Amino acid sequence: MSDLNEQATDDKAAARDATYWAKAVSRLNVSEVPAGAAGINVSGKRLAGPIQGFGKMWQKTYQVAVPGSLVSPTDLVATWKQRFSEFWPAGNHFYAPLTGIEPGEVALIGMSLPGKMTLSTGVMVLYADEESFTLMTPQGHMFAGWITLSATTRGTDTVAQAQVLMRASDPVFEVALTLGGHRQEDKFWQATMTSLAETMGATGASVDTQVVCVDKRRQWSRWTNVWHSSAIRSTIYTMTTPFRPRRPRVPKA
Amino acid sequence: MTEATATFETRRQGSAGIVDIKGDVTSGSEDVLMSAYDAAGDSKAIVLNFSELSYMNSGGIGLLVTLLVRANRQSKQLMAFGLSDHYRQIFELTRLDEAVGIHDSEQSALRAAGVS
């Protein structure tokens, strides 16, 4: 009987492995570029985690509590996945994959920058289950790392959490993050979490922010990451747009 | 914080600390994993035994990065053995394999750590 139980447990674990994790990829592939998006900083890039980044390593946690009577953790995460881009502050675009947030899917991102510039980048869905999902960045993203969005029950509340484990990708982004980029990122996630809570019916919920420097050392051997910088490449892309022939695009989903 | 669903037992083998992992590793495992790391004391290498790992989610992978930073800070090597094919792929996908030495067996990991 215990052998049967063990087998059942193993089968369950194997099923979770196959369902929740992305399959191995060496480089990212963007099959369709929605109107308004650019896949230049994603297609053909490798994924880059906190180990591959340049700057100090940070763990940033943003939490917002919603009464559990309004929504359960699984329902909150389901809504978050379905309407992910709707919770982002204005001016930033998350072009969700056509199949939704599923393991292995790649989403393109357009982030508004000062000076009416748009930083084109993206993420891959590394992991997704009923109560959490994790996005991992490609080379050249402003930071190398992953973002885990999750929800749990705490007392009578459902607590939504966004946790970012990151290092600035290269020295240029490290300077940018130090000179206001971190503050801007905090505002971004605080606005996102507030919007998420409001959608769940909790207006005026406050966002708890915790920022921890996990490693204050910079990985100087990674300075060459600047070659992949999405900021530099996006700038060049924008400046050369008038000189490129127009190509038909897939309509935005 | 979510509840810990894994156990981590530490044993010493020469100058290495071997951490035997059982169960599901999630973000809720942080305290028990860090306690197991501390129990390895002044060992020069930490060897993670994943032979009896049932499951690990992305929160668990995040914990390993934090553990790696801690080990690097104390000039300790971090190694792993007993990973299933699936988790070997996850280590490759997340590029953890670039910083954590992956081995087929405990003996191989200990040899690489310079522990006979």
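The model is predicted.

**The sheet of chain B**

The strands under discussion belong to an open sheet of 5 strands. Their order is β1-β2-β3-β4-β5, and the pairing is mixed. Two strands sit at the edges, β1 (5–13) and β5 (101–103) of chain B, and each pairs on one side only. From one strand to the next, the twist averages 25°.

Strand β4 (residues 77–81) of chain B pairs with β5(B) in the parallel sense. That pairing covers 3 bridges. In β5(B), B:H103 stands opposite B:F81.

**Chain B as a whole**

Chain B has 4 helices and 5 strands. Along the sequence they follow the pattern β-β-α-β-α-β-α-β-α. The radius of gyration of chain B is 13 Å, close to the 13 Å that the globule rule gives for 116 residues, so chain B is as compact as a globular protein of that length. The table collects further values for the chain.

| Property of chain B | Value |
|---|---|
| Span of the C-alpha trace along its principal axes | about 35 × 25 × 25 Å |
| Residues that count as buried | 48% of 116 residues |
| Contacts between residues 24 or more positions apart | 73% of the contacts with a separation of 6 or more |

**Where chain B touches chain A**

How many residues does each chain bring to the contact? Chain A gives 25 residues and chain B gives 20 residues. On the chain B side, β3 (45–56), α2 (58–73) and α3 (85–93) each supply at least two residues. Of the elements in chain B, α2(B) gives the most to this side, with 6 residues. By type, the residues of chain B that touch chain A divide into 10 polar, 7 nonpolar and 3 charged.

**A helix in chain A**

Which residues of helix α2 (residues 73–82) of chain A are buried? They are A:P73, A:L76, A:V77 and A:W80. Seen down the axis of α2(A), these buried residues fall within an arc of 95°, so they line one face of the helix.

Notes:
Residues are numbered from 1 along each chain as its sequence is written. Chains are lettered from A and ligands numbered from 1 in the order in which they are written. This is a predicted model: local features need pLDDT of at least 70, side-chain atom pairs count only at pLDDT 80 or more; totals for chains, interfaces and linings use all residues. A residue is buried if 20 or more other C-beta atoms lie within 10 Å of its own, exposed if 12 or fewer, and partly exposed in between; C-beta atoms are placed from the backbone. The arc is that of the directions from the helix axis to the C-beta atoms. Two residues are in contact if their C-beta atoms, placed from the backbone, lie within 7 Å. Ala, Val, Leu, Ile, Met, Phe, Trp, Tyr, Cys and Pro count as nonpolar, Asp, Glu, Lys and Arg as charged, and the others, Gly among them, as polar. The radius of gyration is taken over C-alpha atoms; the globule rule is 2.2 Å times the number of residues to the power 0.38. Two strands pair if DSSP finds at least two bridges between them. Axes are lines fitted to C-alpha atoms, for helices over the stretch in contact, and angles run from 0 to 180 degrees between N-to-C directions.
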